[in-house]
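Here's a quick briefing for anyone meeting this structure for the first time. Have a look at it, then read on.

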Amino acid sequence: MANIAAFGEVMMRLEVPGYGLLSQGNTLHYSFSGTGVNVVSALSKFGHTSYLFSTLPDTPLGDAAKVYLQKLGIQTSQIKRGGKYIGSYFLENGFGNRPSRVTYTNRMESSFNTASTDSYSYEELAQYADVITFCGITLAMNDHVRSQMLRLAAAVKEKGGLVVFDCNYRPSLWGDDAYAKARPYYEAMLEMSDIVMLNEKDAIYTLGLACNTEDREEQLSQLIPQVAERYQIKTIAGTQRTIYSANEHALRGFMYQNSEFSFSVMPRFAVYDRIGAGDAFTSGIIHGCLQQFTPAETVEFATAAGMLAHTVAGDTPMATEREVLQAVSRRRNETVNDVER
């Protein structure tokens, strides 16, 4: 098993109970999450040693976040303390034809996003990471954070580690001329990355690649090999989602490695909580690559991990390797879920 680190923000999730709206409720349930938190927490459940590189406020709220991360199996020794705030978001769960809604607050003033470029010792942090993961949401924050990401990725590469980048593009975070503004930063991260989470939409809109078809599978077959060759990326993976309602989806995973595609089956499943499911897929791809699963096994494992993440409350994936493999087996054999005794 490997030492795996994530660099990213810890966020406070404030959820309206059930399927209520903020305008209806008067209580909120809080927890702590973030893309990096979700990925390395999932990987800790698969048996890896997981670290988070971040900054939390030196306040009781920061203390609570740190304790919560430890409960998730994340090593917190490399989390810095400073600043005043933690970013947060409010979640209203969707139902039927009404989608879930996320409202961010205090994001840019968080301790993580206001930490200076020299807040971290990049060479020292790299000693804790055989693999390090980054995401496009973090890349969108500000110039200080972008510089931190690039310097840390370079330090891990210099040490011989693997860099994972999830494109995770959010246009609302980039402001005016979002794609044009984001593109050079995405390209800089892709040039350093060994494993990338990216789909055909990222290739077209974020990277500006041309495509002569509207068919999603044909777009994948045209664009993903171009991205892999242009940026010398060893593995590209992602998902294509079909939404039937807020509470019923289907998910197909793909993986491009050694100039060949592998696709998962496309299970249709009930959705309890969607937030964080993409992070579960990412963790499955990383785990499969590190454990030397075949590409077909890796993409099936990752898709099953993503599917299971839809079935539990909260952002953070909770399935163990055994549970994910059981889900793969049930799907392969078309068996019905029953009570485990």
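In which sort of crossing does helix 6 pass helix 7? Helix 6 passes helix 7 in a left-handed crossing, meaning the near helix is turned anticlockwise from the far one by less than a right angle (clockwise would be right-handed). Keep in mind that this is a predicted model, where local features need pLDDT of at least 70 and side-chain atom pairs count only at pLDDT 80 or more, while totals for chains, interfaces and linings use all residues. Residues are numbered from 1 along each chain as its sequence is written, and side-chain values use heavy atoms, with hydrogens and water left out.

**Helix 6 and helix 7**

- Helix 6 covers residues 143–159 and helix 7 covers residues 178–192; helices here are DSSP runs (H or I, at least four residues) and strands are too (E, at least two), numbered from the N terminus.
- The two pack at an angle of about 15°, with their axes 10 Å apart; axes are lines fitted to C-alpha atoms, for helices over the stretch in contact, and angles run from 0 to 180 degrees between N-to-C directions.
- On the helix 6 side, the residues meeting helix 7 include Arg 146, Leu 150 and Lys 157, and among their partners in helix 7 are Tyr 185 and Met 189; contact means heavy atoms within 4.5 Å.

**Aromatic pairs**

- The structure holds 20 aromatic pairs: rings of Phe, Tyr and Trp (its six-membered ring) with centres within 6.5 Å, called stacked with planes under 30 degrees apart, edge-to-face over 60 and tilted for the rest.
- Phe 7 and Phe 112 make a tilted pair, 5.1 Å centre to centre with 55° between the planes.
- That pair links distant parts of the chain, with Phe 7 in strand 1 and Phe 112 in helix 3, 105 residues apart.
- Both Phe 7 and Phe 112 are buried (under 20% relative accessible area; exposed is over 50%, partly exposed in between, using a 1.4 Å probe and protein chains only).
- One aromatic cluster takes in Phe 165, Tyr 169, Trp 174, Tyr 179, Tyr 185, Tyr 186 and Tyr 205.

**Helix 1**

- Ten of the eleven residues of helix 1 (residues 35–45) are buried, so this helix is largely enclosed by the rest of the structure.
- Just after helix 1, Gly 47 takes a positive phi of about 110°.
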